[in-house]
Amino acid sequence: MSLGFRLWQNLLPTMNRSLAPSKAQCLRRCGAANIARTRLHTIAAAAAPVAGERRAKANIDWDSLGFGLKDVAATMYVAEWTPEKGWDSGKLVPYGPLNMMPSAQVLNYGQAIFEGMKAQESAKGRVVLFRPDQNAARFKAGAARMSMPSVPEDQFVEAVRATVENNLDYVPPMGKGSLYLRPLLMGTGPILGLGPAPAYTFAIFAAAVGAYFKGGQLTPIDLIVEERFHRAAPGGMGGTKAAGNYSPVLVTQLEAKKNGFADVVYLDAKTDTYLEEVSSCNIFVVKGKTIKTPPLSGTILPGVTRRSIIELARSRGYDVQEAAVSVHEAMEADEIFTTGTAVVVSSVGSMTYRGNKKAYTAPGQAGPVALEMYSALTDIQTEKADDKFSWVYPVK
Ligand SMILES: *Cc1c(COP(=O)(O)O)cnc(C)c1O
């Protein structure tokens, strides 16, 4: 059974399955490609974009949003790739299971990458994305690294846009959080011997999530430098948002949490000397008016927030260097912060290395540069400040 047909069936969740049309009927009536194109438009047009009205459908308590799947958006985007046809145009279908065989490449050999993005309500009363072109480019590079067919960048951006537009009633009111978007690309076709999948799925699901820091208040986090495990090695795939990069960090992260730390800082695999990054965030080290962040050498994830903070800090008069930072240098720094789409900017309260704890901030108090960067970036993201870099992308 083709994925397209199964999704067509999923569009009829209330219909008794035995009443659903057969595959032959379905193909005869509409033709798979046509269904895809019409669905995307039909469902998109059905969304209620009118302010005030648009939140009526989703019955969500906006004041108690966390970072989880409690308020998953009603629809998801799914596109399929085959060697004969390449990518189909994709469609929006009810959020639900993806069908695949136990022999799916992704379940056996892990051909999978993902992205993390946010749509937010802005001060101009519209819903906006932040630099989706950057995620599209990274998704493309990641696909190449994992020998998967890349999604054309315009299709990626349009798919993200349509997913948000179709789920506008899940976008929290300004300041309460965001609609977190999770694009996935995976080898869903079956295979036994090691090789690339014969078919691929590009999917995007979304969920309403809370602001990491309520009211813009940054709570500093305590980090510990990890010395036994490395996150990535030269020549590996650390620079790719590949699913396989993340479960191996759980063993260190969970132990760190047990010991009262928020997360771990990884060192370079070659010399155990230089900072790389945190499990899912990039890291910045401040000394006076100089801000350093480890250079992208293939082992570090090229964060969109990282890049934006570099540009933003330079425009605010900081000397920003993409340069190796030794753990000893970091222990002498004035301030450290981490960056990522989910946290935006997170102030580091302390870092512990070989039993020595260096405190950077007063307890509960975020560092001044972290605060400055957090405000400057979120003001642009929510259109409270001028978008002088043209980073904001309106959904409609
Ligand atoms: C996603 C991610 C980041 C942050 O990237 P953004 O594009 O800023 O969200 C940093 N490090 C790792 C390991 C990541 O997976």
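Where does Ser390 lie? In this predicted model, Ser390 sits in the loop that runs between helix H10 (368–381) and strand S18 (392–394). The backbone here has a positive phi, near 55°, in a residue other than glycine. Ser390 has 7 other C-beta atoms within 10 Å; the limit for an exposed residue is 12 or fewer, so Ser390 is exposed.

A positive phi also occurs at Val344. This residue is not a glycine, yet its phi is about 65°. Val344 belongs to strand S16, which covers residues 344–353. Is Val344 buried or exposed? Its C-beta atom has 25 others within 10 Å. A residue counts as buried at 20 or more, so Val344 is buried.

The ligand site was examined next. How many residues surround the ligand? The shell holds 14 residues. The closest are Leu301, Gly303, Val304, Thr305 and Thr341. Two elements, helix H8 (304–315) and strand S15 (335–340), each supply at least two residues of this shell. The largest share is that of H8, with three residues. By residue class, eight members of the shell are polar, three are nonpolar and three are charged.

Definitions and conventions:
Residues numbered from 1 in each chain as written. Predicted model: local features only at pLDDT ≥ 70, side-chain atom pairs only at ≥ 80, totals over all residues. Near = placed C-beta within 6 Å. Helix = DSSP H or I, 4+ residues; strand = E, 2+ residues; numbered from the N terminus. Nonpolar A, V, L, I, M, F, W, Y, C, P; charged D, E, K, R; others polar.
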